[in-house]
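Colleague: I would like to learn how to read a model like this one. Please take me through it feature by feature.

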Amino acid sequence: MDVEARNNESPPARSTATHRLLVALNCAMLALGVTGGQLLIRLYFNKGGRRQWLAAWIQTGAWPPLLIAAAASYAARHARDRRGATVLLAPPRILLAAAGLGVILGADNFLYAYGLEFLPVSTSAILISTQLVFTVFFAFLIVGQRLTPATLNAVALLTVGAVVLGLHVSSDRPAGVTRGKYWLGFALTLGAAVLYGVFMPLVELAYKHAAGGGRAVTYALVMEMQLVMGFVATAFCTVGMIVNNDFQVTCHACRLPVTSALAGLTMHLARV
């Protein structure tokens, strides 16, 4: 009986360990992507780069590895059910919503990259962190997220930090950046935080609709939606690059996608 009891308890333990491992891996990718990505994009602008669409493109240009996860999921489903397995789990309306979210994500990346051109990393990081404030606000409006004292405390601290930062705009401007451009970068980065604050609750809303009718929000379903969002966001920025003639840049300006490939990959995977 003791052996049977231990055997019955082992699967949940393995499941908990796997869950914690995935959370730790996601946190590591988030830390590496957010910090490394900001530093490398700022370095690109410091070295004379002026292609904002290129800097935006690199933030989701690493979406192809998600094809591996989607293909592995389909292969597993096909092995279990050779007749009923479908290529995509998400219904067409959810994929269409994911495509719309991809456009929002591409626009948000552009605002963020454009703002970072005129701001130091420290200022940009604090400003973009205020997305938590807007995420909480729009989550309350869109998906009915419950507000807790801890959430409100974090929102208050970030708001105070952004206000204090705004009072010292003359002390941390990068060399060659005028006061007007600094404020432009300030507004663009804050706009990116607002847009991403809207984006996250909309993603949660899409997951809720995808789970309608008893359908579970599985890893495969999330990967498919992330794949569509990453592809559309990258395509959106690619169109911007074409319009802005970014494909005619010199070899010096092309160093960004080479030096920040790892950061771009982790920045995208961290959003999953």
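Colleague: Where does pLDDT stay under 50 with zero contacts beyond four places in sequence?

Modeller: pLDDT is the predictor's confidence in each residue, from 0 to 100. Contact means heavy atoms within 4.5 Å. Here, pLDDT stays under 50 over residues 1-14, and the model gives that stretch zero contacts beyond four places in sequence. Residues 250-272 also have pLDDT below 50, but they make 54 contacts beyond near neighbours in sequence.

Colleague: What ground rules apply?

Modeller: This is a predicted model: local features need pLDDT of at least 70, side-chain atom pairs count only at pLDDT 80 or more, and totals for chains, interfaces and linings use all residues. Residues are numbered from 1 along each chain as its sequence is written, and side-chain values use heavy atoms, with hydrogens and water left out.

Colleague: What is the mean pLDDT of the protein chain, and which helix is lowest in confidence?

Modeller: The mean is 78, and 78% of residues reach 70 or more. Helix H10 (residues 255-259) is lowest, at a mean of 43. Helix H4 (residues 92-116) is highest, at 93.

Colleague: How many helices and strands are there?

Modeller: Both are DSSP runs, numbered from the N terminus: helices are H or I of at least four residues, strands are E of at least two. The protein chain has 11 helices and zero strands. Among contacts between residues at least 6 apart in sequence, 83% join residues at least 24 apart.

Colleague: Which residues does UniProt list for "transmembrane region"?

Modeller: UniProt annotations may be inferred rather than shown by experiment; positions here follow the numbering used for this model, and feature names are shortened. The unreviewed entry lists several spans, including residues 94-115 and 182-207. In the model, residues 94-115 are 100% helix, with end C-alpha atoms 31 Å apart. Residues 182-207 are also 100% helix, and their end C-alpha atoms lie 38 Å apart.

Colleague: Is Asp246 buried or exposed?

Modeller: Buried means under 20% relative accessible area, exposed over 50%, and partly exposed in between (1.4 Å probe, protein chains only). Asp246 counts as buried because its relative accessibility is 2%. Asp246 sits in the loop between helix H9 (219-243) and H10. Over the protein chain, 39% of the 272 residues are buried.

Colleague: Which side chains make a polar contact with Asp246?

Modeller: A polar contact is a pair of N or O atoms within 3.5 Å; within protein, one must be able to donate a hydrogen and the other to accept it, and residues adjacent in sequence count only if both atoms are side-chain atoms. The Asp246 side chain pairs with that of Arg51 at 2.9 Å. Another polar contact, also 2.9 Å, joins the side chains of Asp246 and Asn244. Beyond four places in sequence, Asp246 touches Arg51, Trp53, Leu54 and Met241.

Colleague: What is the phi of Asn245?

Modeller: Asn245 has a positive phi of about 60 degrees, although it is not a glycine. Asn245 is partly exposed, at 41% relative accessible area.

Colleague: How many aromatic pairs does the structure hold?

Modeller: Rings of Phe, Tyr and Trp (its six-membered ring) pair if their centres lie within 6.5 Å; planes under 30 degrees apart count as stacked, over 60 as edge-to-face, the rest as tilted. The structure holds nine aromatic pairs. Tyr196 and Phe199 are stacked, because their ring centres are 5.4 Å apart and their planes at 25 degrees. Both lie in helix H8 (residues 179-210), three residues apart. Ring pairs also link Trp53, Phe110, Tyr114, Phe118 and Phe236 into a cluster.
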